[in-house]
Amino acid sequence: MTKSPEEEHPRKAFGWAARDSSGILSPFNFSRRENGDDDVTIKILYCGVCHSDLHCAKNEWGFTNYPVVPGHEIVGIVTKTGKNVTKFKEGDQVGVGVLVGSCRKCECCQQDLENYCPRCIFTYSATYHDGTKTYGGYSNMVVVDQHFVLQFPDNLPPDSGAPLLCAGITVYSPMKYYGMTEPGKHLGVAGLGGLGHIAVKFGKAFGLKVTVISSSPSKKNEAIDRLGADAFLLSSDPAQIKAALGTMDFIIDTVSAVHPLAPLLALLKLNGKLITVGLPNKPLELPIFPLAMGRRLVGGSNFGGLKETQEMLDFCANHNITSDIELIRMEDINTAYERLAKSDVRYRFVIDVENSLSQ
Amino acid sequence: MVNSDGKQITKKAFGWAARDSSGVLSPLHFSRRETGEKDVTFKVLYCGICHTDLHMVKNEWGMSLYPLIPGHEMVGEVIEIGNKVQKLKVGDKVGVGYMVGSCNSCDTCVNDLENYCAKMIPTCSAKYHDGTTTCGGFSDIMVADEHFVVKIPNNLPLDATSPLLCAGITVYSPLKHFGLDKPGMHIGIVGLGGLGHLAVKFAKAMGTKVTVISTSPTKKDEAIEHLGADSFLVSRDQDQMHAAMSTMDGIIDTVSAVHSLLPLIGLLKSQGKLILVGAPDKPLELPVFPLLLGRKIVGGTCIGGMKETQEMIDFAAKHNITSQIEVIPIDYVNTAMERLVKGDVRYRFVVDIGNTLMSSP
């Protein structure tokens, strides 16, 4: 007989979970495994709220395993380490992102690309090696294999640094992979939300010229005055699009709604690259002419491997890059989800787990 | 060049042209420019028929200038050169492809990517620098700027080489540019026609393992026995496609009809590349999830630059790569166009211009 979430493991844990596709979260008693030889136990301080949490809580992708405790932008303090753990000790500030496991043997894993491992294990709503369900960071503690734990730099604030664990690596990885780090090149960032605002910050830190492309004219001042973008392009204004044709080396497309690719492709120079990191729930229309006539490409990227995530955190520490956040209490999470669905946040909610999550 | 009366000096030429969007071709007397100081004039011996010729004679892209002499896969023998021509001499075997001009000064041209120059001049039905309309290879002679003429090594048979000037470079360029030319890689070729069969030959010569993906099971023997492909997938066979998932480093998609990209993206390994060289006239559906989950890309290319075209010809000469062709006389050309619409050719028609294009007395 299957054990209940509370009895499944020996150590009591507490969090907030969604029980069905309404996506409404409420207090949830469950349990975590014993700290194994390779494991690290983490008392959670903060957890960022990613749009994926919302998609999953509402079963919008069709594979949610209820009850689900979301949260994969976790920052906390080490409280216990297994005997094989060398990288961490009690008291260390650490982070956990989108993955808590992978096969560790395939070509992708061997190349530090655990995120592309066909058997990678997500931090929540997935099945761990021991057959039990994974529960995420909207909880008081988590037990993670040391390979999937990151050193969280001391000079990065744990609250505004938490979103880097998913949003940060999601834009950092393609920017490195597709060569968007050459100073002087021109980067377009489509969409100014949780992903987009960090892409602007990374772009400026890499020495790129950055243009924000958005359908909301109200974001112009934000983009330029607060985030330091060089220019702002209103995607619904054909004259502005026309003036910028063939000017961009790359575009990071963070938009998750279905949207036309044709105007974005036209903004690219010869050999330009449009990299999508948003997840529209329907296919997009791809016109072939602009692809062929400019040798342009459309690519995708999915968060990043562990080594690269650590590199990204260290880069952020060096350049003082954090997310712009709105700190919330655990009990405000359902309101936060409603606001997130309308993109009413600048630019990431972060749950103050330590101070607001109580049984 | 003008004579003392201020009239342009030209030379007489003869070819077959479409007069209107019916696309029907018939004889036409016309003129070409006199051989300029950088020009090469050659007697056209063979000219391949590309699907683009069909689109152009029927004005399917809305930009045809009539009368329209098609043909941009032409080969022949040099009969005259301008006094500043350095690379070629009379008697050389040469070819001209899809372009006869570009701006020569932009970044793109300077980087040997004339094919992507905003002012690239196509070989047919376009305005040349001197304001005249360009005329293609269904004609007895051709005059072209040396820069846009490639030399054909002696060991290549001219008739079977002519399709390389467009079809050949169209598939060679993406294999090289996207790094799909490394021995041991697994490359998929979608569509086995004029482009596809050459893609198989080039990819095999580069040392890759090649799988042909086609809707027609009847093409399997051709693909494997004749063209040397290593395996064959029927794209409508879900079991076959499923078994081949995540096995390919790259795919060259030559299909010009609208078709589904999802199963092709599924065939790619992580970080694989799907490159489209066919020209569907409507947008395709791009499923984003599978692109993200494997960090895969979808790209497109258009022919190749002149330096690369010469490199492709030399590679073909070294590896004995030519097109599989059906040689036809010029007066069969309208029937050939009708058969081309139905894909009824293995795999390229080539007009025997040298022996069959005669102007009436």
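This is a predicted model: local features need pLDDT of at least 70, side-chain atom pairs count only at pLDDT 80 or more; totals for chains, interfaces and linings use all residues.
## Chain B against chain A

The size of an interface is often given as the accessible area lost when the parts come together. By this account, chain B and chain A bury about 2,900 Å² between them, with 69% of that area on carbon and sulfur atoms. On the side of chain B, B:Phe289, B:Leu292 and B:Arg295 lose the most area to chain A, and together they supply 26% of what that side buries. The contact draws 31 residues from chain B and 33 residues from chain A.

Several elements of chain B give two or more residues to the side that touches chain A: helix H4 (167–177), strand S14 (268–276), strand S15 (284–286), helix H9 (288–293) and strand S16 (297–300). H9(B) provides the largest share, five residues. Sorted by class, this side of chain B has 18 nonpolar, ten polar and three charged residues.

The count of salt bridges between chain B and chain A is zero, while six residue pairs are in polar contact, both residues being at pLDDT 80 or more. The two chains are also joined through strands: S16 of chain A (residues 297–300) and S16(B) pair in the antiparallel sense over three bridges. Within this pairing, A:Leu297 has B:Gly299 of S16(B) as its bridge partner.

## The two domains of chain B

The domain assignment divides chain B into domain 1 (10–166 + 324–356) and domain 2 (168–300). Taken over C-alpha atoms, the centres of these domains of chain B are separated by 29 Å. Eight residues of domain 1 of chain B are in contact with twelve residues of domain 2 of chain B.

Between these domains of chain B the buried area is about 960 Å², of which carbon and sulfur atoms give 50%. B:Leu164, B:Gln324 and B:Tyr347 supply 56% of the area that domain 1 of chain B buries against domain 2 of chain B, more than any other three residues.

One salt bridge is counted between the two domains of chain B. B:Glu222 forms a salt bridge with B:Arg346, and their closest N and O atoms are 3.6 Å apart. The side of domain 1 of chain B that touches domain 2 of chain B has five nonpolar, one polar and two charged residues.

## The two interfaces in brief

| Interface | Buried area | Share on carbon and sulfur atoms |
|---|---|---|
| Chain B and chain A | about 2,900 Å² | 69% |
| Domain 1 of chain B and domain 2 of chain B | about 960 Å² | 50% |

Terms used: Residues are numbered from 1 along each chain as its sequence is written. Chains are lettered from A and ligands numbered from 1 in the order in which they are written. Side-chain values use heavy atoms; hydrogens and water are left out. Contact means heavy atoms within 4.5 Å. Buried area is the accessible area (1.4 Å probe) that two parts lose on being put together, summed over both. A salt bridge is a side-chain nitrogen of Lys or Arg within 4 Å of a carboxyl oxygen of Asp or Glu. A polar contact is a pair of N or O atoms within 3.5 Å; within protein, one must be able to donate a hydrogen and the other to accept it, and residues adjacent in sequence count only if both atoms are side-chain atoms. Helices (H or I, at least four residues) and strands (E, at least two) are DSSP runs, numbered from the N terminus. Ala, Val, Leu, Ile, Met, Phe, Trp, Tyr, Cys and Pro count as nonpolar, Asp, Glu, Lys and Arg as charged, and the others, Gly among them, as polar. Two strands pair if DSSP finds at least two bridges between them. Domain bounds come from an automatic or database domain assignment.
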